[in-house]
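Here is a brief report on one protein model. Keep the sequence and the 3D view open as you read.

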Amino acid sequence: QLHLVESGGGLVQPGGSLRLSCAASGLALDHFAIGWFRQAPGKEREAVSCVSSSGGNTDYADSVKGRFAISRDNAKNTVYLQMNALKPEDTAVYYCAADSLPPVYNSGRYVCPGAYDYWGQGTQVTVSA
């Protein structure tokens, strides 16, 4: 059983930065692709980014491209989401999730998993002046 715990959320002003962490325990994280999701009040959950188990492939939602960066340190069993140039519309609870299936490619491009086996409890990110 894989247990995921997010941390690093908080209150930040527009234009600021935060780094979220997704720490895993129970199983080795290098067997899993990791996705970051977010859900704002009254809105559906949105996929933000994902990284393959090796870290060699990533993908991002258009809304965060160029501002967010996902990375992983398998030796530390941790995945990170560096968030820069934050906007009020980035306010949400951010979740990480893990998928154990092999990576999928569409026309040579890595595709984020369509389903995940394990989820964390979330961390709140609030972007406000």
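## Basis of the model

This is a predicted model, where local features need pLDDT of at least 70, side-chain atom pairs count only at pLDDT 80 or more, and totals for chains, interfaces and linings use all residues. Residues are numbered from 1 along each chain as its sequence is written, and side-chain values use heavy atoms, with hydrogens and water left out.

## Two disulfides

A search of the whole structure gives 2 disulfides. A disulfide here is a pair of cysteine sulfur atoms within 2.5 Å. With the bonded cysteines numbered in sequence order, the pairing reads 1-3, 2-4.

Cys 22 bonds to Cys 96, with 2.1 Å between the sulfur atoms. The torsion about this S-S bond is about 70°, so the disulfide is right-handed. Cys 22 sits in strand β3 and Cys 96 in strand β9, so the bond ties together parts 74 residues apart in sequence. Strands (E, at least two residues) are DSSP runs, numbered from the N terminus. Cys 22 is buried at a relative accessible area of 0%. Cys 96 is buried too, at 0%. Buried means under 20% relative accessible area, exposed over 50%, and partly exposed in between (1.4 Å probe, protein chains only).

Cys 50 and Cys 112 make a disulfide with sulfur atoms 1.8 Å apart. This link is left-handed, with -90° about the S-S bond. Cys 50 belongs to strand β5, while Cys 112 lies in the loop between β11 (109-111) and β12 (118-119), 62 residues apart. Cys 50 is buried, with a relative accessible area of 0%. Cys 112 is partly exposed at 26%.

## Nonpolar cores

In soluble globular proteins, nonpolar side chains tend to be buried together. A nonpolar core is a set of buried Ala, Val, Leu, Ile, Met, Phe, Trp, Tyr and Cys residues joined through side-chain atoms within 4.5 Å. The largest one in this model has 29 residues, and Leu 4, Trp 36, Leu 81, Met 83 and Tyr 94 have the most contacts inside it. Elements that give two or more residues to this core include β3 (18-25), β8 (78-83), β9 (92-99) and β13. A second, separate core has 6 residues, among them Ala 33, Phe 37, Ala 97 and Tyr 110.

Leu 4 touches both Cys 22 and Cys 96. Its other contacts include Leu 29, Tyr 118 and Trp 119. Contact means heavy atoms within 4.5 Å, and residues up to four places away in sequence are not counted for Leu 4.

## Strand β8 and its partners

Of the 6 residues in β8, 5 are buried. β8 runs antiparallel to β3, joined by 6 bridges. Two strands pair if DSSP finds at least two bridges between them. Ser 21 has Tyr 80 in β8 as its bridge partner.

β8 also pairs with β7, again antiparallel and over 6 bridges. Here Ile 70 stands opposite Leu 81. The hairpin of β7 and β8 has 4 residues between the strands, and Asn 77 takes a positive phi near 55°.

## Thr 123

Where is Thr 123 found? This residue is in strand β13, residues 123-127. Thr 123 is buried, at a relative accessible area of 11%. A polar atom of the Thr 123 side chain lies 3.2 Å from the backbone nitrogen of Gly 9. Not counting residues up to four places away in sequence, Thr 123 touches Glu 6, Ser 7, Gly 8, Gly 9, Leu 20, Ala 92, Val 93 and Tyr 94.

Definitions and conventions:
A polar contact is a pair of N or O atoms within 3.5 Å; within protein, one must be able to donate a hydrogen and the other to accept it, and residues adjacent in sequence count only if both atoms are side-chain atoms.
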